[in-house]
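This report describes selected local features of a single structure.

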Amino acid sequence: MRIRILGSSAGGGVPQWNCRCANCAAARAGSPDVVPRTQSSLAISGDGKAWFLVNVSPDVRQQIMAFPELGPPITPPPEITGSSSLSRAEAEWRWIMRSTAVAGCVLTDAEFDHTAGLLLLREQPLRIFCTPTVHRWLGHDFPVEKMLAGFHDPTWTELPLDVSVELPLADDAPSGLKVHVFELDRHVPKYVSTDSGPAVGAGIGLHIKDVNTGGSLLYAPCLPVLNATLKDLATDSDCVMIDGTFWCDDEPLRLGIGGRSARAMGHLPVDGADGSLAWLGALDVRHRLYVHINNTNPMLNVRGPEHAQVRERGVQVAVDGAEFAV
Ligand code: MLT
Ligand code: MN
Ligand code: ZN
C-alpha cells in the first residue's frame with residue numbers, strides 16, 4: 001500500500017488566512033522554521049493506480065495539483081468497451097476527456113475540514129464511504145449529498161463499525177485494501193443544530209490492511225482519548241498516524257482562539273503525562289506520525305524544543321507530500 005499525506009494540518013491550514021500566531025506569521029513570511037501545510041487528508045492505494053482519498057479537505061484541488069498521480073490518467077483501462085449506443089472508440093474518448101485516479105473517498109468524521117472538499121469533486125461521480133451518522137449529517141445539516149446529487153450523483157456506502165470490509169474500486173473490482181472502522185468519538189460538529197439522533201460513529205479511526213503485502217496503516221486524525229481498540233490495532237500496524245492538533249490542553253484557551261480546551265474539542269493533546277506522545281513515543285511501530293496539526297501547535301517549528309521532543313521519541317511531525325509504502 002502506498003500512503004501519501006496530502007494535507008497534514010488541522011482546519012485552517014498553515015498559515016490560516018486570518019491568523020497571526022507565531023507559526024502562521026513565520027510560514028507567511030517564508031521562514032524555513034515553519035513549513036506551510038494544507039488541511040487534513042490522505043491518499044492511499046493498493047495498486048499504485050487507483051487511489052482512495054481519506055477525508056476530502058477544502059484544499060483538495062491544490063492537493064491533487066501537487067500530486068499529479070491523482071489527476072486524469074492518460075491511458076484508458078483495457079476493460080473499456082463500447083455499448084449499444086457508444087462505440088469502443090467513443091467510450092475511450094469520453095474516458096480520456098474526463099477521468100480520475102480517485103476511486104473513492106473515505107470519511108473519518110463530518111467536520112468541514114474533512115468534507116467540504118467533496119463539493120469541489122462534483123465533476124466526477126465518486127464513491128463516498130462513511131458511517132451512518134456522518135451520512136445523516138451530510139444529508140441534512142451540511143447537505144452535501146443533496147447538493148452533489150444534481151451533478152454526478154455519488155454513491156454513498158455506509159461503513160459498519162468494528163467490521164472489516166474490502167473497499168471496492170469504481171467498477172466493483174476489489175482494491176486489495178481492507179478497512180476496519182472503529183469508533184473514537186461521539187463529538188457533534190458545530191454546524192449540527194437540530195439533529196438529535198445518536199452520534200454513534202461521529203468520529204472514527206481506520207485500520208487499513210493491504211491484503212497483498214500484509215502491510216497496515218492506522219489513521220486517527222481526531223481523537224479525544226486513546227481507547228483500547230486503537231491501542232490494540234496500533235500494535236498490528238506498520239504506520240500509525242494520529243491526532244496532533246494541540247500541544248497542550250489549554251492551548252486554545254490560552255491563545256484566545258476557542259472557548260474550550262483541546263480535550264473538550266475532541267483532541268487529546270500531545271504533551272503531558274497523559275498526552276499522546278507518552279504512548280506514541282513508546283510504540284514499537286516503524287512509522288509513527290502526528291497529523292491534523294493545528295497552526296498554533298509549537299511542535300510545527302523545526303527549531304523549537306517541542307519539535308525536538310517529538311523527534312527524540314522517533315515520532316514525525318507530518319508534512320504535506322510525505323509518502324510511505326507498507
Ligand atoms: C476539529 O478538528 O476540531 C474541527 O475540524 C474544528 C473545525 O474546523 O471547526
Ligand atoms: Mn479538524
Ligand atoms: Zn495560526
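## Cavity

By class, six nonpolar, two polar and one charged residues make up the lining of the largest cavity. The model examined here is predicted. The residues that line the largest cavity are L118, L121, R122, Q124, L126, I128, L148, H152 and P154.

The space in the largest cavity amounts to about 60 Å³. A search of the whole structure returns one cavity of 30 Å³ or more.

## Ligand site

For H267, an N or O atom of the side chain is 2.7 Å from an oxygen atom of the ligand. For D113, the distance from a polar side-chain atom to a ligand oxygen is 3.0 Å. For H292, a polar side-chain atom lies 3.2 Å from an oxygen atom of ligand 1. On its own, ligand 1 has 260 Å² of accessible area, of which the protein covers 69%.

## The loop between β1 and α1

Strand β1 spans residues 2-7, and helix α1 spans residues 22-28. The loop between these two elements contains S9 and P15. The peptide bond that leads from V14 into P15 is cis, with omega near -5°.

Is S9 buried or exposed? Its relative accessible area is 0%, and S9 therefore counts as buried, the limit being under 20%.

## N23 in helix α1

Residue N23 belongs to helix α1. With a relative accessible area of 6%, N23 is buried, because this value is under 20%. The side chain of N23 reaches the backbone oxygen of N295 at 2.8 Å.

## Residues with positive phi

In N55, phi is near 70°, a positive value in a residue that is not glycine. N55 is placed in the loop between β3, residues 51-54, and α2, residues 60-65. The relative accessible area of N55 is 0%, so the residue is classed as buried.

D162 likewise has a positive phi, of about 60°, although it is not a glycine. The loop that holds D162 runs between β6, residues 155-158, and β7, residues 164-168. Is D162 buried or exposed? Its relative accessible area is 53%, and since exposed means over 50%, D162 is exposed. Positive phi values are thus found here both in a buried residue, N55, and in an exposed one, D162.

Notes. Residues are numbered from 1 along each chain as its sequence is written. Chains are lettered from A and ligands numbered from 1 in the order in which they are written. This is a predicted model: local features need pLDDT of at least 70, side-chain atom pairs count only at pLDDT 80 or more; totals for chains, interfaces and linings use all residues. Side-chain values use heavy atoms; hydrogens and water are left out. A polar contact is a pair of N or O atoms within 3.5 Å; within protein, one must be able to donate a hydrogen and the other to accept it, and residues adjacent in sequence count only if both atoms are side-chain atoms. Accessible areas come from the Shrake-Rupley method with a 1.4 Å probe; for residues, only the protein chains shown count as cover. On a 1 Å grid over the protein atoms alone, a cavity is a set of points where a 1.4 Å probe fits but cannot get out, and a pocket is an open set with protein on both sides within 12 Å along at least five of seven lines; lining residues have an atom within 4 Å of a point. Grid points are joined across faces, edges and corners, and a volume is the space filled by probe spheres set on the points. Ala, Val, Leu, Ile, Met, Phe, Trp, Tyr, Cys and Pro count as nonpolar, Asp, Glu, Lys and Arg as charged, and the others, Gly among them, as polar. Helices (H or I, at least four residues) and strands (E, at least two) are DSSP runs, numbered from the N terminus. Buried means under 20% relative accessible area, exposed over 50%, partly exposed in between (1.4 Å probe, protein chains only).
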